[in-house]
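User: Hi! I am new to protein structures and would like to learn how to read one. Could you take me through some features step by step?

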Amino acid sequence: MERVSGCLRWTGMGFASCRVKIGAIESNGTPVMSQFPSWSDELAVGNSQIDIQHRRLVAICNRASRCAESSEVDARREFFSVLNDFATLIAEHFDAEEKFLALNNCPTLAEHRAHHERFRERLVDLLFSGTAGLLDKKTLARLARDYLLSHLTETDLPNKHYMRE
């Protein structure tokens, strides 16, 4: 079974609904961790800088999923590598998104910033846990999943016409 996220997209003449396939789900509605989507043009917002970042974030989300399912000795190193890459790119990415949304007078900018801030808080909590020696691989994978299932498909895509360069 696949989860499909709905969104509104700007067609130049008005809004149209779109549906984006975002991976397999269990019968109880839980996403299958190992089956995050790969990049597709359905996830593009039409801004080359943001789309490149989105591609990289999708790749990191897939790494987080694989890390969560790994019981190998190297999983500890990979956990910190994924967490560091995710935190670094999220900071750069959210700043870029907010810049373009502000430049294009997005009416939902405050809401978008608030979503970013809540996501950053969750990421900081995970970073602090990691520095204390707690390797919460499942929480990292859930955070990655939430980025893909919620932020990218339900927050970014509906606002993609405000992210133009």
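This is a predicted model: local features need pLDDT of at least 70, side-chain atom pairs count only at pLDDT 80 or more; totals for chains, interfaces and linings use all residues.

User: Let's start with C61: is it buried or exposed?

Analyst: Residues are numbered from 1 along each chain as its sequence is written, and side-chain values use heavy atoms, leaving out hydrogens and water. Now the idea: buried means under 20% relative accessible area, exposed over 50%, and partly exposed in between (1.4 Å probe, protein chains only). C61 has a relative accessible area of 0%, so this cysteine is buried. C106 is also buried, at 7% relative accessibility.

User: How many disulfides are there?

Analyst: In general, a disulfide is a covalent bond between the sulfur atoms of two cysteines. The rule used here asks for a pair of cysteine sulfur atoms within 2.5 Å. By that rule, the model has zero disulfides.

User: And how many salt bridges are there?

Analyst: A salt bridge is counted when a side-chain nitrogen of Lys or Arg lies within 4 Å of a carboxyl oxygen of Asp or Glu. The count here is eight. One of them joins D85 and R63, with 2.8 Å from N to O. This pair links distant parts of the chain: D85 sits in helix α2 (residues 75-103) and R63 in helix α1 (residues 48-69), 22 residues apart. Helices here are DSSP runs (H or I, at least four residues), numbered from the N terminus. D85 is partly exposed, at 28%, while R63 is buried, at 18%.

User: Which residue forms a salt bridge with E98?

Analyst: That is R120, and the closest N and O atoms are 3.7 Å apart. Here too, distant parts of the chain are linked: E98 belongs to helix α2 and R120 to helix α3 (residues 109-131), 22 residues apart. E98 is buried, with a relative accessible area of 13%.

User: What about R145 and D146?

Analyst: They form a salt bridge as well, with closest N and O atoms 3.4 Å apart. R145 is buried at 14%, and D146 is partly exposed at 22%. Elsewhere, salt bridges that share partners join D95, E98, R113, E117 and R120 into one network.

User: Where is the kink in helix α4 centred?

Analyst: To find a bend at a residue, take the angle between axes fitted to the seven residues ending there and the seven starting there. In helix α4 (residues 137-156), the kink is about 30 degrees and is centred on Y147. This helix is mostly covered, with 14 of its 20 residues buried.

Key: Helices (H or I, at least four residues) and strands (E, at least two) are DSSP runs, numbered from the N terminus.
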